[in-house]
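My notes follow in the order I took them.

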Amino acid sequence: MSGIIGKKIGMTSVFSADGRNVACTVVEAGPCVVTQVKNEETDGYKAVQLAYDEKKPKNTSKALMGHFSKASTTPKKKVVEFRNFREEFDHLVEVGKEVSVGEVFSEGEFLDAIGTSKGKGF
């Protein structure tokens, strides 16, 4: 599985080729920074840790500041770990390197989107 982190910007609608109005979600995805690469020898499994969206340094703990400084990047809001990153992306998997949408996905490729709601009750 390979992936990238993003956030929902809004909704819009697009007309298809046969004239139907289709609802679309607009997502701002990437660029994400590789903050850690886990391997089987040290961690017991293979994974790539990506970080996205800037965060103020004063609102970041010292432990996370150290983690981000190892990757030589600024503090980020969202950190996600992707297991079994595809082997064809090994050239992208270096600590501190930025990963963008165009490098991971191609045009016309289908993908699964997973979201988290804000939890405002019912």
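**Helix H2 and Val104**

I started with Val104, which I found in helix H2, residues 101–104. The model is a predicted one, and I read every entry below with that in mind. I then took the C-alpha to C-alpha distance from Val104 to Phe82 and got 13 Å. In sequence these two residues are 22 residues apart.

**The sheet**

I traced an open sheet of four strands, in the order E5-E4-E3-E6 and with antiparallel pairing. Which strands are at the edges? I noted E5 and E6 (98–99), each of which pairs on one side only. For the pair E3 and E6 I recorded two bridges, in the antiparallel sense. Val33 stands opposite Glu98, a residue of E6. As a reminder to myself, strands of a sheet pair through backbone hydrogen bonds, either parallel or antiparallel.

**The nonpolar core**

Next I looked up the largest nonpolar core, which has 13 residues. Ile5, Cys32, Val48 and Leu50 touch the most other members. Strands E3 (32–38) and E4 are the elements that give two or more residues to this core. E4 has the largest share, three residues.

I listed the contacts of Val48, leaving out residues up to four places away in sequence. What does Val48 touch? I wrote down Val34, Gln36, Val80, Glu81, Phe82, Phe85 and Val93.

**The loop between H1 and E5**

I moved to the loop between helix H1 (62–70) and strand E5 (76–83), where I found Thr73. Thr73 has 18% relative accessibility, and since buried means under 20%, Thr73 counts as buried. Beyond its neighbours within four places in sequence, I found Thr73 in contact with Val33 and Phe68.

Ser72 is in the loop between H1 and E5 too.

**Asp53**

I made a separate entry for Asp53, found in strand E4. Asp53 is not a glycine, yet I read a positive phi of about 75° for it. How exposed is Asp53? With a relative accessible area of 25%, which lies between the 20% and 50% limits, Asp53 is partly exposed.

**The largest pocket**

Last I looked up the largest pocket, with a volume of about 1200 Å³. How many residues line the pocket, and which lie nearest its centre? I counted 31 lining residues, with Ile4, Ile5, Gly6, Ala113 and Ile114 nearest the centre. Ile5 is also one of the core residues listed above as touching the most other members.

Strands E1 (6–15), E2 (21–29), E4 (47–54) and E5 each supply at least two residues of the lining. E5 gives the most, with five residues. By type, I sorted the lining into 14 nonpolar, eight polar and nine charged residues.

How values were computed. Residues are numbered from 1 along each chain as its sequence is written. This is a predicted model: local features need pLDDT of at least 70, side-chain atom pairs count only at pLDDT 80 or more; totals for chains, interfaces and linings use all residues. Side-chain values use heavy atoms; hydrogens and water are left out. Buried means under 20% relative accessible area, exposed over 50%, partly exposed in between (1.4 Å probe, protein chains only). Contact means heavy atoms within 4.5 Å. On a 1 Å grid over the protein atoms alone, a cavity is a set of points where a 1.4 Å probe fits but cannot get out, and a pocket is an open set with protein on both sides within 12 Å along at least five of seven lines; lining residues have an atom within 4 Å of a point. Grid points are joined across faces, edges and corners, and a volume is the space filled by probe spheres set on the points. Ala, Val, Leu, Ile, Met, Phe, Trp, Tyr, Cys and Pro count as nonpolar, Asp, Glu, Lys and Arg as charged, and the others, Gly among them, as polar. A nonpolar core is a set of buried Ala, Val, Leu, Ile, Met, Phe, Trp, Tyr and Cys residues joined through side-chain atoms within 4.5 Å. Two strands pair if DSSP finds at least two bridges between them.
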